[in-house]
Each structure stands twice: as C-alpha cells, then as structure tokens.
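Work through these exercises with the sequence and the model side by side. Try each task before you read its solution.

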Amino acid sequence: MKNRLERMESLLLTRKPSSVDHSRASSSLGEVKEDDASYCLMDRIGFSSFIGSASGLALLSPRGLQWVSSITHSTDLLDFFFTRARTYMLGWSEEMMSTWQHLRPDDQTPLPPKGSAILAVNYFFAYVNSTLPLFDQRRFMERFNSQYSDDPPTGVAWYASLNAVLGIGALVLEDEIGVSSTVLHPRQNTEGGGHVLSCLRNCYSVFTQLSYSCREVMGVQALIGMAMILEILLDAEAGYMAIGSAGRLALGLGLNRDCDSESSPGEVEERRNVFWVLYVLDRGLSFRLGRPPTIRDEDIQISEPADGKFAHLVRLMRIESEIYTRLYSVRAREPDRRSERLAAEDELYQKLLAWQYSLPYGELRPGQVLHCPNPEQLPSTITLHVEFYHCQLMLWRLEIGAETSSSPEDPRWSSKRTACLAAARDTVKLLDSLREGGELFRNNLARRLSYYPLCAFVRLFINVLLNPHDPSAFADLDSLRIVLNTMSGPLLTSSSPFALFLFEIFQKLTRTAEDFLVRTLSGEANETGHEVPSTIDSSFGIPRDDHTLGGWCPQLPPPFSDYAVLSYEDSVPIREKEPLAKMDQILSHSGIGASDTLFPGYERFSSEVQGVDSGLSSPSLHRGWQNPTTVPDSSSSFGPPS
C-alpha cells in the first residue's frame with residue numbers, strides 16, 4: 001500500500017519542470033504526441049479524474065502548462081496548478097463520499113407543501129423544459145396533483161423525477177425572486193444543506209433502484225433530471241456519471257429505436273423527446289470533460305424532432321458529435337490520419353454553415369439580431385448561439401504549441417486562428433451583453449452557460465501570450481476580466497469543489513496574462529525610454545462602444561470567407577428599474593387557487609420580495625429586447641456559401 005501511494009504521488013508530480021526544463025520546453029513540445037493534451041488529476045488516495053483533449057480546458061494539461069511556462073518564463077502557474085490539484089481532488093473525494101454514500105429511504109427529506117412546490121414546477125416548465133423538453137407537462141401535472149391527494153403515486157421513478165423538477169425549478173426561482181431555496185422550503189433545517197441539495201439527495205436515495213430495477217421511461221427522465229441539477233451546480237463529474245446511467249437505461253428500453261405501433265402518438269413523442277434530451281446532455285457533459293459519449297451515433301434509429309428550437313439544437317449537437325468523432329477520438333488522433341482530419345475540418349465547416357443558414361433569418365441565426373420578445377424563449381435562443389460558437393472553437397482549436405511552431409504566413413493556419421478567435425470573442429460579447437441587459441443572472445443562465453465563456457477565456461488567454469504586441473491583446477485582456485468577474489458568482493456559490501478550483505485557476509490565468517503584458521511592454525519601454533505602468537487598467541483607453549463582437553478580426557480568407565460574425569455596435573439597453581411584482585403576482589402565474597395552502601412562513605418573508613418580478617413577464621423582453629447589431633445588407637460579403 002505504501003509503495004502504491006508513493007507511485008500515485010509521483011504520477012501527480014510527473015513533469016513538474018525545473019528551470020532547466022523550461023529552457024528547452026519550447027523545442028521539446030513539438031515532439032510530444034498530440035494526445036498529451038489529455039491529462040489525469042490524481043490525489044494521494046487514488047481518486048482520479050481524466051480530462052481529454054476535446055475539452056476546452058485542455059490548456060491545463062501538463063503539456064499546456066509547460067507551454068505557458070515556456071512563453072512566460074515562469075513556473076508560477078505550473079506550481080500553483082499542481083499544488084491546488086491535490087487539494088481539489090481530496091476535497092472532491094471527501095464531498096462525494098459524505099454527500100452521496102450511505103443514503104437510505106429514511107434519510108429522505110419530506111416534499112415541500114404544494115404552494116411552494118407549484119412555484120418550482122412552473123418555473124421548470126417555463127424556462128428549462130421549454131429548452132429541453134424532458135417531460136410532457138400535461139402528464140406530469142396529472143401526477144403532481146395526485147401527489148398532493150389522498151392517493152399519491154408510489155413509484156421510485158416518479159419520486160425521483162418530482163424531486164429533480166423541484167430542485168431545478170428552485171434553482172431558477174432563486175435567480176428570479178432573489179430568495180434562497182431554503183426560504184422557499186422553511187421546513188428544511190440548515191444541516192440538510194438547502195432545498196436543492198435535499199431534492200438531489202432524495203433522488204440519490206433511490207439511485208440504486210433507478211439504475212438496476214427500474215424499467216420505465218420515467219426512470220430515464222429521473223436520471224436525466226439528476227444530471228441537469230448537477231450540471232447547473234457545476235459538478236461535472238457527478239453529472240457525467242448520472243447521464244451515463246440514464247444512457248444505459250435508455251438503451252435497455254430501446255429509446256434509441258423507433259417505437260412500435262402499439263404506443264399512442266403522445267407516448268411516441270415523449271419517448272423521442274426523452275431520448276434526444278439525453279443525447280444533447282450526454283454530448284454536452286462528455287465533451288466538456290473530453291470523454292466519449294455513452295450513446296454512439298451509429299446506434300441511433302429514432303427520428304429527430306421535426307421542428308422548433310429543440311430540433312435545431314439536436315441537429316447542431318449531431319454536428320458537434322461528428323466533430324468529436326472525426327477530430328478528437330482516439331482513432332482520429334493517430335498520426336497517420338492527419339490528412340483525414342484536415343479534410344474533415346472543411347466538410348464539418350460546411351455542415352456548420354448549412355446549419356447556421358437553416359435557422360430563421362433575424363431571430364435565431366447566430367450573426368443576426370437576437371430578438372426575444374418572450375422571456376421564456378431566451379434560454380433556448382441563447383443556447384443555440386453559444387453552442388454554435390463552441391462548435392467553432394472545437395472545430396478550429398489548434399494543438400497546444402502548434403501556434404509557435406506554425407508559420408503565420410500559412411493561410412490555413414491563419415484562417416483557423418482567426419475563426420477560433422472570432423468565436424471566442426463572440427461568446428464573451430454575448431455574455432457581456434446579457435450581463436448588461438440584466439438577463440444573465442436570471443433563470444440560472446449564468447450557471448447553465450458557464451462552460452462556454454470559460455472555453456472562450458482559454459482561447460483569448462493563449463492569444464494574449466502569443467501576440468502581446470497586437471492591438472487586440474488589450475481588448476482580449478479586458479475580455480478575460482469580463483469572464484472572470486461575471487463567472488465569479490456562479491463558480492464561488494457552487495457546492496462543487498471543481499467549480500471553486502476552476503475559479504482559482506482562471507483568476508491565476510488572468511493575473512498571469514496581466515503580468516506577462518506588463519513585463520513585455522516594460523521591456524520594450526526600457527529600450528525606447530517610455531514609461532509603462534506596473535498594472536494595466538481596463539479598458540485600456542478603448543471606448544466600450546468600439547468593443548464590437550469580432551471587431552478585431554479581419555475577414556477570413558478562403559475557405560472560411562463566409563464565416564459570419566455577430567457584432568454589437570450600439571450599447572445594450574439596461575433593464576427598466578420598474579417596481580417588481582409581489583409574491584401573489586407570482587402565484588397568479590402558477591395556477592394556485594385561493595383555497596390552496598401556501599407554505600409556512602410565507603407571510604414572514606413576503607414583504608421581503610415585495611415587487612419582485614416573477615420572471616414570467618419581463619418588460620424589456622416583451623418590448624422586443626435584443627442584442628443590437630448591424631445586420632449585413634445585400635452588399636455584405638457575409639452570406640450562405642455558394
């Protein structure tokens with residue numbers, strides 16, 4: 001056992017470079033295999049976490065950290081990462097053991113009263129289920145009403161599904177009315193960890209039954225719901241395991257195949273929706289960690305959704321799945337398949353363009369005016385945009401170290417770099433626009449979208465290190481600060497040690513970029529006699545209105561000349577400071593009658609949420625809130641490929 005622990009610790013500390021290592025790092029990077037962008041975090045007791053090269057966080061691999069050290073001539077980031085990695089892994093291991101293990105039915109928290117439960121359920125269907133149609137609302141509400149009757153349902157699949165919906169809805173409701181979920185569930189004591197975590201623990205108390213003995217579609221729905229909560233809480237590891245269990249159960253039920261003719265049209269539709277929600281989340285959670293998904297595309301027979309935003313999202317995720325398979329899978333990374341990968345890039349780019357121009361003009365299409373008159377449609381529309389930009393980041397992401405070894409005159413290299421930077425800047429500007437418009441911290445958008453700006457952050461961080469003399473370096477550093485400041489809330493309030501770990505890493509990366517620019521400019525100033533401040537302030541003298549999305553990017557050379565960038569030329573409107581709705585106005589949207597009993601303590605805190613906007617009616621959005629942009633005219637070079 002002692003030898004095993006020593007071996008594990010040596011693996012963790014492998015390639016922690018000395019100053020001698022850094023002197024030859026840049027020359028040795030080109031000889032390292034491409035799959036070295038993958039890495040495995042491991043603590044002293046053997047818990048490990050594998051992150052593949054498809055992840056947008058692959059810069060944190062040993063190879064990536066060595067590359068940063070070779071550019072900055074400093075081991076600070078590398079030392080910090082390896083020191084904190086062990087602490088994170090131990091914290092993650094302890095939390096997993098203390099939170100999810102040894103749960104029994106006796107440990108279940110009682111369900112909230114109907115009055116508070118209906119709020120969470122309605123917010124789930126209004127803002128989450130409208131994007132990912134996991135449940136048929138009519139059927140769910142029939143069971144929900146039965147739950148609060150004299151003859152409640154008894155199945156474990158329904159029990160877990162209800163708790164999952166209550167947990168997700170409570171997270172959204174927290175953002176909307178500014179009241180913690182523990183207040184919305186007054187019977188929950190402080191030791192239980194809050195209403196959302198209690199709902200999740202209730203789900204996990206029947207996890208064994210769901211995984212091993214449940215043979216109904218609602219069991220898949222329950223496991224997907226658990227994965228959705230974990231995703232919002234930024235616990236990617238646990239979410240990955242939950243969605244994997246859902247995938248296995250779905251395959252066991254044949255959800256990947258066309259349903260037989262004995263099922264009703266409603267059942268067929270629900271089975272199809274459940275499978276494709278599973279597909280979207282399976283791809284999303286797996287690719288964020290750089291791991292293969294549970295369900296293979298070759299094993300899918302069931303038809304895609306016919307129309308709507310969800311249908312567009314499914315088709316986009318199928319393209320993203322193909323990007324992973326053809327560019328990042330173990331087989332695709334073999335050295336003798338480089339020419340195949342290059343051909344796949346061009347083909348996949350054409351598929352992305354075709355998807356982009358298949359969307360309705362001026363409403364959903366990335367690169368056009370973002371128009372959301374209905375606030376309930378905002379999450380689904382934003383999801384399409386950020387996922388599209390993320391597909392481009394995956395498609396055009398250069399190998400770590402390749403940008404220092406490739407020739408800037410190479411038109412293909414230049415095109416890939418420009419397209420990747422444009423997608424990263426588009427993501428940050430979309431994030432900043434939502435923040436300024438007051439919509440980012442509603443409906444749990446910030447948590448649900450957190451991975452995308454972090455990936456964009458990594459891309460812009462690399463560009464700052466590679467091109468400190470470029471005028472865009474200052475704007476990109478400003479973008480790093482925007483992402484860090486905007487994401488600090490979701491990351492720091494998460495219960496996941498991984499989220500806290502990520503915040504520390506991105507905080508350190510921001511400081512590294514700032515210090516590198518200061519040192520680089522100071523060195524030039526010493527040669528020219530100009531004085532450079534020891535710190536660089538935002539926004540570097542560049543007017544904010546000039547921070548157009550993709551504004552620093554030239555038009556892309558072939559084969560990427562049709563790439564459309566989204567731009568925000570005008571300032572984003574600020575939400576009106578109108579009086580917010582009272583709690584009973586919220587209840588009016590939830591369908592609670594006068595005879596329904598509200599949860600205990602309602603009178604005590606109702607005055608605290610006086611005038612709180614329910615979120616079901618946003619004045620700015622109903623006016624036709626939009627991210628202003630300049631729509632290309634007929635003479636523009638942007639347009640569908642000929």
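**Exercise 1. Which residue just after H13 takes a positive phi?**

Solution. Step 1: go to the end of H13, which covers residues 236-252. Helices here are DSSP runs (H or I, at least four residues), strands likewise (E, at least two), and both are numbered from the N terminus. Step 2: read on past the helix. Gly-254 has a positive phi of about 75 degrees.

The model is predicted: local features need pLDDT of at least 70, side-chain atom pairs count only at pLDDT 80 or more, and totals for chains, interfaces and linings use all residues. Residues are numbered from 1 along each chain as its sequence is written, and side-chain values use heavy atoms, with hydrogens and water left out.

**Exercise 2. Compare the span of H13 with the expected one.**

Solution. Step 1: count the residues. H13 has 17. Step 2: find the expected span, which is 1.5 Å times one less than the number of residues. For H13 this gives 24 Å. Step 3: take the distance from the first C-alpha to the last. It is 24 Å, close to the expected value.

**Exercise 3. How many residues of H13 are buried?**

Solution. Step 1: apply the cut-offs. Buried means under 20% relative accessible area, exposed over 50%, partly exposed in between (1.4 Å probe, protein chains only). Step 2: count. Twelve of the 17 residues are buried, so H13 is largely enclosed by the rest of the structure. Among them are Tyr-240, Ile-243 and Leu-249.

**Exercise 4. Leu-234 and His-73: buried or exposed?**

Solution. Step 2: check its accessibility. Leu-234 has a relative accessible area of 11%, so it is buried. Step 3: turn to His-73, in the loop between H4 and helix H5 (76-100). His-73 is not a glycine either, yet its phi is positive, about 55 degrees. Step 4: at 71% relative accessibility, His-73 is exposed.

**Exercise 5. Classify how H4 packs on H21.**

Solution. Step 1: find the helices, H4 at residues 62-72 and H21 at residues 451-466. Step 2: get the angle and the distance. Axes are lines fitted to C-alpha atoms, for helices over the stretch in contact, and angles run from 0 to 180 degrees between N-to-C directions. The angle is about 30 degrees, and the axes are 10 Å apart. Step 3: classify. H4 is therefore roughly parallel to H21. (Angles under 35 degrees count as roughly parallel, over 145 as roughly antiparallel, 65 to 115 as roughly perpendicular and the rest as oblique.) Step 4: list contacts, meaning heavy atoms within 4.5 Å. Trp-67, Val-68, Ile-71 and Thr-72 of H4 meet Phe-461, Ile-462, Leu-465 and Leu-466 of H21.

**Exercise 6. Where is the kink in H22?**

Solution. Step 1: find H22 at residues 472-492. Step 2: look for the bend, the angle between axes fitted to the seven residues ending at a residue and the seven starting there. A kink of about 30 degrees lies at Thr-486, shortly before the proline Pro-490.
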